[in-house]
Amino acid sequence: MSDCIFCKIANKEIPSQVVYEDDLIMAFNDIQPQAPVHVLVVPKKHIKDIASLSDTDYDLMGRIFKIINKIAKEKGIEDGFRIVNNCGEKGGQSVGHLHFHILGGRQMQWPPG
């Protein structure tokens, strides 16, 4: 999508601090971190949200979670971190492109809010 900020980041039209990239996935530091480690992981393919996944997207989701584990290890937070995915406006999703937050480097609280 031409107006999607995460598509623009994935296409390198907007600079970011890339943490990981392959042909299907990009991960980059959040510009407004909510924890010492705050990385966003996005598919390069535009998918609106988790409710919009098609049957052909589930292998991609498995790959994303594999990359999340890799990033957690590289960032030294494998002993405890949070993965957040907001779905839809009522779920708190502010960018209409499927993405996962990796948050770590501090004690996470519950409930998250």
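This short talk walks through the strands, aromatic pairs and salt bridges of one predicted model.

Some ground rules. The model is predicted, so local features need pLDDT of at least 70, side-chain atom pairs count only at pLDDT 80 or more, and totals for chains, interfaces and linings use all residues. Residues are numbered from 1 along each chain as its sequence is written, and side-chain values use heavy atoms, with hydrogens and water left out.

Strands come first. Helices (H or I, at least four residues) and strands (E, at least two) are DSSP runs, numbered from the N terminus. Two strands pair if DSSP finds at least two bridges between them.

Look at β1 and β2. They form a hairpin, with 3 residues between them. The pairing is antiparallel, over 3 bridges. Across it, V18 stands opposite F28 in β2. Keep F28 in mind.

Now go to β5, residues 100–104. Which strands pair with β5? One is β3, antiparallel over 5 bridges. There, V39 stands opposite I102. Another is β4, residues 81–84, also antiparallel, with 4 bridges. There, F81 has G104 as its bridge partner.

How covered is β5? Of its 5 residues, 5 are buried. Buried means under 20% relative accessible area, exposed means over 50%, and partly exposed lies in between (1.4 Å probe, protein chains only). On one side sit F100, I102 and G104; on the other, H101 and L103. Both faces are covered.

Next, aromatic pairs. Rings of Phe, Tyr and Trp (its six-membered ring) pair if their centres lie within 6.5 Å; planes under 30 degrees apart count as stacked, over 60 as edge-to-face, and the rest as tilted. The structure has 2 such pairs.

Here F28 returns. F28 and F6 pair edge-to-face, 5.7 Å centre to centre, with 65° between the planes. F6 is in helix α1, residues 5–10, and F28 is in strand β2, so this pair links parts of the chain 22 residues apart. Both F6 and F28 are buried.

F65 and F100 also pair edge-to-face, at 5.3 Å centre to centre and 70° between the planes. F65 lies in helix α2 and F100 in strand β5, so the pair ties together parts 35 residues apart in sequence. F100 is buried, at 2%.

Last topic: salt bridges. Side chains of opposite charge can pair when their charged atoms come close. A salt bridge is a side-chain nitrogen of Lys or Arg within 4 Å of a carboxyl oxygen of Asp or Glu. How many does the structure hold? There are 6.

Take D23 and R63. Their closest N and O atoms are 3.0 Å apart. D23 is in the loop between β1 (18–21) and β2 (25–29), and R63 is in helix α2 (residues 58–74), so the bridge ties together parts 40 residues apart in sequence. D23 is exposed, at 56%. R63 is partly exposed, at 30%.

Then D57 and K45. Here the closest N and O atoms are 2.6 Å apart. D57 and K45 both lie in the loop between β3 (37–43) and α2, 12 residues apart in sequence. D57 is buried, at 4% relative accessibility. K45 is partly exposed, at 42%.

Another bridge joins K70 and E74, at 2.7 Å from N to O. These two are 4 residues apart in helix α2, about one helical turn.
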